[in-house]
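Please read its points alongside the display below.

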Amino acid sequence: YRVEEHVGAGAMGDVYRAVQPTIGKHVAVKVIKRKLAGSEEAIERFVREARTANRIGHPNVVDVFAMGRLGDGRLWLAMDFLEGESLGRRLRRTGPMTPEAMLEILRPMCEALAAAHDKNVVHRDLKTDNVFLAGDRVYVLDFGIAKVLADVLATGIKERLTTEGAW
């Protein structure tokens with residue numbers, strides 16, 4: 001991928017608009033932050049985000065289709081590039097929405113979450129900044145702290161990547 005510009009940042013990583021030069025596909029590349037690259041817990045969350053999004057496989061959940069490691073050891077993942085803005089940014093920019101406009105966002109959000117629940121995935125970080133509005137499509141993003149109940153049921157192991165009182 002050829003990185004074109006930095007487009008955003010979150011708690012786990014930085015997001016860049018990039019292009020796959022052979023076929024010209026524009027993608028978003030998320031790179032784990034340097035300060036987290038040595039943390040096994042952070043790496044597990046980063047990998048879980050990619051696996052979980054693909055496990056759900058729903059049109060309102062962004063498709064993560066590649067993952068790798070940079071020369072400095074940091075992980076990256078590639079996903080569909082979405083043009084638009086988060087619901088949080090929209091609300092900060094325009095103020096409250098009408099109930100009708102909110103329903104147009106809530107319906108596909110709920111469909112994405114229902115698909116996640118059907119795959120035994122609980123998002124656990126649903127907020128306006130993790131809902132993305134791309135034209136007439138709504139996406140639920142950031143499954144980094146999702147609880148994958150199928151893994152717990154299959155192995156009997158209760159993973160503790162978050163603890164009570166942790167952000």
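1. Basis of the note. This is a predicted model, in which local features need pLDDT of at least 70 and side-chain atom pairs count only at pLDDT 80 or more, while totals for chains, interfaces and linings use all residues. Residues are numbered from 1 along each chain as its sequence is written, and side-chain values use heavy atoms, with hydrogens and water left out.

2. Overall fold. The chain holds four helices and ten strands; helices (H or I, at least four residues) and strands (E, at least two) are DSSP runs numbered from the N terminus. Read from that end, the order is β-β-β-α-β-β-β-α-α-β-β-β-β-α. Of the 167 residues, 39% are buried, a term that denotes under 20% relative accessible area, with exposed meaning over 50% and partly exposed in between (1.4 Å probe, protein chains only). Contact means heavy atoms within 4.5 Å. Among contacts between residues at least 6 apart in sequence, 53% join residues at least 24 apart.

3. Helix H1. This helix covers residues 40–56, 17 residues in total, and spans 24 Å from first to last C-alpha, close to the 24 Å expected at 1.5 Å a residue; the expected span is 1.5 Å times one less than the number of residues. Its buried residues include Ala 42, Phe 46, Arg 48, Glu 49 and Ile 56. The buried residues of H1 pack against several elements, among them strand S3 (25–32), strand S4 (64–69), strand S5 (75–80) and helix H3 (99–118). Gly 57 follows H1 and has a positive phi, near 55°.

4. Nonpolar cores. Such a core is a set of buried Ala, Val, Leu, Ile, Met, Phe, Trp, Tyr and Cys residues joined through side-chain atoms within 4.5 Å. The largest has 37 residues, of which Ile 32 and Phe 143 touch the most other members. At least two residues come from each of S3, H1, S5, H3, strand S8 (131–134) and strand S9 (137–140). H1 gives the largest share, seven residues. A second, separate core has six residues, including Val 27, Val 29, Trp 76 and Ala 78.

5. Phe 143. Leaving aside residues up to four places away in sequence, Phe 143 touches Arg 48, Glu 49, Thr 52, Ile 56, Val 61, Ala 116, Val 121 and His 123.

6. Strand S5. Which strands pair with S5? Both S4 and S3 do, where pairing requires at least two bridges found by DSSP. S4 and S5 are antiparallel over five bridges, and S3 and S5 are likewise antiparallel, joined by five bridges. Met 79 in S5 stands opposite Val 64 and also opposite Ala 28, whereas Leu 77 in S5 faces Met 67. The hairpin of S4 and S5 has five residues between the strands, and there Gly 73 takes a positive phi near 95°. Because five of its six residues are buried, S5 is largely enclosed by the rest of the structure.

7. Aromatic pair. The structure holds one aromatic pair. Tyr 1 and Trp 76 form it edge-to-face, at 5.6 Å centre to centre with 75° between the planes. Rings of Phe, Tyr and Trp (its six-membered ring) pair if their centres lie within 6.5 Å; planes under 30 degrees apart count as stacked, over 60 as edge-to-face and the rest as tilted. The partners are 75 residues apart, Tyr 1 in the segment before strand S1 (2–9) and Trp 76 in S5. Tyr 1 is partly exposed, at 40% relative accessible area, whereas Trp 76 is buried, at 16%.
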